[in-house]
Amino acid sequence: MLAAAKRMTATVWAYFDGATPRSAIAASVAFIIVSNQPFYPFYLYLLLGGRAWPALLTWLSAPLFAAVPRVARAGEARGGALLVTAGMANTTLCTVAMGPGSGVELFYLPCLVLALLLFTGRQRALAAAATVFATGTAMAAVRLAGAEGLVPITAEELATLRRINAFSVCGLLVVLAYLSRRLWWRNALVTPSDGR
């Protein structure tokens with residue numbers, strides 16, 4: 001049983017790895033999101049009880065995040081584009097589900113950072129511009145539609161949600177800063193060369 005668990009773990013690590021520094025960053029972020037998505041509704045359940053059900057909608061994006069490493073193997077830029085697009089779509093969906101007052105729109109910031117990290121040259125400028133444009137469009141559309149979330153949330157609960165989301169975004173930005181070392185220091189290994 002232990003051997004089977006080790007094989008399964010090795011398979012997961014191999015899948016969520018990348019051949020290049022940028023694809024490794026994309027795969028690592030995808031792994032973090034996929035492995036954390038099941039817990040987000042649980043956090044909100046502790047705060048909102050049965051009113052946390054809209055958070056289950058975030059699971060709809062899980063297949064997109066899970067596909068990032070596979071797509072990145074076909075093309076580094078494709079994997080990056082999928083990750084940024086999935087992140088933005090998930091953020092927009094969460095904003096509609098929980099309302100702009102929840103602070104979930106802060107997750108657009110890591111999407112922009114990813115656009116800057118995962119592309120080079122002209123692609124980087126295009127990705128950043130597209131991300132900024134899409135973010136502005138999504139935020140405006142949510143407000144024009146008057147979306148205030150799918151369940152009633154009190155002002156005190158919204159303040160707690162904002163703190164949770166702000167903390168999560170800060171944590172993700174720290175992880176991105178750590179992962180980006182692979183871009184600046186060529187000797188930073190994605191995985192140890194001896195397989196340990």
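Which helix gives the largest share of the lining of the largest pocket? Here are my notes; keep in mind that this is a predicted model.

1. **The pocket, and who lines it.** The answer is α8, which puts 7 residues into the lining of the largest pocket. Helix α8 covers residues 155-179, and at least two lining residues also come from each of α2 (21-36), α3 (40-48), α5 and α6.

2. **Size and centre.** The largest pocket holds about 680 Å³ of space. Its lining runs to 26 residues, and if you want to find the middle on screen, look for Ile33, Asn36, Phe107, Ser168 and Leu172, which lie nearest the centre.

3. **How α5 sits against α6.** Helix α5 (residues 76-98) packs on helix α6 (residues 108-117), with 9 Å between the axes and an angle of about 170°. Angles over 145 degrees count as roughly antiparallel, so that is how α5 and α6 are placed relative to each other.

4. **What makes that contact.** On the α5 side you'll find Leu83, Val84, Gly87, Met88, Thr91 and Thr92, while α6 brings Tyr108, Cys111, Leu114 and Ala115. Sorted by type, the α5 and α6 contact residues come out as 7 nonpolar and 3 polar, again with no charged residue.

5. **Thr131, worth a click.** This threonine belongs to helix α7 (residues 121-144). Is Thr131 buried or exposed? Thr131 counts as buried because its relative accessibility is 3%, and the cut-off for buried is under 20%. Setting aside neighbours within four places in sequence, Thr131 touches Val84, Met88, Cys111, Leu112 and Ala115. Val84, Met88, Cys111 and Ala115 also turn up in the contact of α5 with α6.

6. Tyr178 is exposed, at 53% relative accessible area, whereas Ala159 has 21% relative accessibility and counts as partly exposed.

7. From Tyr178 to Gly136 is 28 Å, C-alpha to C-alpha, with a separation of 42 residues in sequence. Ala159 and Ala52 lie 107 residues apart along the sequence, and their C-alpha atoms are 15 Å apart in space.

Key
Residues numbered from 1 in each chain as written. Predicted model: local features only at pLDDT ≥ 70, side-chain atom pairs only at ≥ 80, totals over all residues. Heavy atoms only, no water. Axes fitted to C-alpha atoms, helices over the stretch in contact; angles between N-to-C directions. Helix = DSSP H or I, 4+ residues; strand = E, 2+ residues; numbered from the N terminus. Parallel < 35°, antiparallel > 145°, perpendicular 65-115°, else oblique. Contact = heavy atoms within 4.5 Å. Nonpolar A, V, L, I, M, F, W, Y, C, P; charged D, E, K, R; others polar. 1 Å grid on protein atoms, 1.4 Å probe; cavity = no way out; pocket = protein on both sides within 12 Å on 5 of 7 lines; lining within 4 Å. Points joined across faces, edges and corners; volume = space filled by probe spheres on them. Buried < 20%, exposed > 50% of the residue type's maximum accessible area, 1.4 Å probe, protein only.
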